[in-house]
Amino acid sequence: NDCYVLGGEDWMLPLPGTFATLERFDLNSRTWIALNSMPTSRHGFGFAEYAAQLYALGGGPAQGNTYTTVIERYTP
């Protein structure tokens with residue numbers, strides 16, 4: 001089993017904003033591996049795994065109270 005982290009929000013200058021980052025923690029090597037980023041940067045979204053697919057649902061594409069209805073699928 002692997003652990004994934006994706007997206008996020010940062011208010012720190014000089015680069016505040018949201019992120020499209022997607023990384024996987026490999027339990028065997030105990031290292032983080034950067035994967036292809038999500039097409040939409042976002043924070044505060046739902047995340048699910050189903051049938052070997054990862055899904056990012058909703059969230060905010062910009063800082064603060066922003067919202068999107070975009071659902072994206074990633075095949076690890």
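Biologist: Which residue has its backbone nitrogen 3.0 Å from a polar atom of the side chain of E9?

Modeller: The residue is G64, whose backbone nitrogen lies at that separation from a polar atom of the E9 side chain. This is a polar contact (a pair of N or O atoms within 3.5 Å; within protein, one must be able to donate a hydrogen and the other to accept it, and residues adjacent in sequence count only if both atoms are side-chain atoms). The model is predicted, and local features need pLDDT of at least 70, side-chain atom pairs pLDDT 80 or more, while totals for chains, interfaces and linings use all residues. Residues are numbered from 1 along each chain as its sequence is written, and side-chain values use heavy atoms, with hydrogens and water left out.

Biologist: Where does E9 lie, and is E9 buried, partly exposed or exposed?

Modeller: E9 belongs to strand β2, residues 9-10. Strands (E, at least two residues) and helices (H or I, at least four) are DSSP runs, numbered from the N terminus. Burial is read from relative accessible area: buried is under 20%, exposed is over 50%, and partly exposed lies in between (1.4 Å probe, protein chains only). With 31% relative accessibility, E9 counts as partly exposed. Apart from its neighbours within four places in sequence, E9 is in contact (heavy atoms within 4.5 Å) with G17, T18, F19, H43, Q63 and G64.

Biologist: How many salt bridges does a search of the whole structure find?

Modeller: As a general idea, side chains of opposite charge can pair when their charged atoms come close. A salt bridge is a side-chain nitrogen of Lys or Arg within 4 Å of a carboxyl oxygen of Asp or Glu. The search finds two. In one, R42 and E72 meet at 3.0 Å, N to O. R42 lies in the loop between β5 (31-34) and β6 (46-50), and E72 in strand β8 (residues 71-74), so the pair ties together parts that are 30 residues apart in sequence. R42 and E72 are both buried.

Biologist: Which side chain meets that of D26 in a salt bridge?

Modeller: The partner is R24, at 3.4 Å, N to O; both D26 and R24 are buried. D26 sits in strand β4, residues 22-26, and has a relative accessible area of 15%. The side chain of D26 also reaches backbone nitrogens: that of N28 at 2.8 Å and that of S29 at 2.9 Å. Leaving out residues up to four places away in sequence, D26 touches D2, T31 and I33.

Biologist: What is the phi of A51, and what is that of A52?

Modeller: Most residues other than glycine have a negative phi. Here, A51 has a positive phi near 50°, and A52 has a positive phi near 65°. A51 is exposed at 60% relative accessibility, and A52 is exposed with a relative accessible area of 52%.

Biologist: How many helices and strands are in the chain, and what box do its C-alpha atoms fill?

Modeller: The chain has zero helices and eight strands. Taken along the principal axes, the box is roughly 35 × 30 × 15 Å. Of the 76 residues, 30% count as buried. Among contacts between residues at least 6 apart in sequence, 29% join residues at least 24 apart.
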